[in-house]
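This report is written for a reader who meets the structure for the first time. Please look over the sequence and the model shown below before reading on.

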Amino acid sequence: FDTGDGAAGSVGVVCLETAYSSRGKTVLDERGAQVGCSSVMRETGELVVGRPDGVFAYTTEDRGGAAAFEGDKQCVQAVGRYILVASLDEKSHRTAVTVYDVRNKFISLNYFLPVGQTVREVVV
């Protein structure tokens, strides 16, 4: 998967098959993501991509589900069956950390960091 941020030469979300496949390159979405705003879910093999309008899941075939998390994403990380999303809350101007349970489709945690603090990376 390539999740370029839309800059010149970037192609969005692309699946590149291995030498054992004849499919070649498949463009799944023209839009990419910022650095640190994509992660692979180990359980399903889906690529999770965070953009200002939400978080989207991709398989090697097409775009799957989506979850509405508004705001500029700082970090998106898959952890087991959960997706951790750090994004800027427009109203409070604070970083919101949201943990979404993919299997049960609900928000497990929503927490605001103190003003000025952001999330750059989540190490699993």
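## A hairpin of two strands

In this predicted model, strands E10 and E11 form a hairpin with four residues between them, and Lys105, which lies in the turn, has a positive phi of about 55 degrees. Strand E10 covers residues 94–101 and strand E11 covers residues 106–112, and the two pair in the antiparallel sense over six bridges.

## The protein as a whole

The protein has eleven strands and zero helices, so that, read from the N terminus on, its elements run β-β-β-β-β-β-β-β-β-β-β. In a regular strand the side chains alternate between the two faces of the sheet.

Of the 124 residues in the protein, 38% are buried, and the accessible surface comes to about 7,500 Å², with 52% of that surface belonging to carbon and sulfur atoms. When contacts between residues at least 6 apart in sequence are considered, 31% of them join residues that are at least 24 apart.

## A sheet of four strands

Four strands make up an open sheet in the order E4-E5-E6-E7, and their pairing is antiparallel. Its edge strands are E4, at residues 38–40, and E7, at residues 63–67, each of which pairs on one side only. Neighbouring strands of this sheet are turned against each other by 20 degrees on average, with direction ignored.

Inside this sheet, strand E5 (residues 47–51) and strand E6 (residues 54–58) run antiparallel and are joined by five bridges. Here Gly50 stands opposite Val55 in E6.

A related distance concerns Val79, which is 36 residues apart from Glu43 along the chain; the C-alpha atoms of Glu43 and Val79 are separated by 9.6 Å.

Key:
Residues numbered from 1 in each chain as written. Predicted model: local features only at pLDDT ≥ 70, side-chain atom pairs only at ≥ 80, totals over all residues. Heavy atoms only, no water. Pairing = 2+ DSSP bridges. Axes fitted to C-alpha atoms, helices over the stretch in contact; angles between N-to-C directions. Buried < 20%, exposed > 50% of the residue type's maximum accessible area, 1.4 Å probe, protein only. Contact = heavy atoms within 4.5 Å. Areas by Shrake-Rupley, 256 points an atom, 1.4 Å probe, with all protein chains shown as cover.
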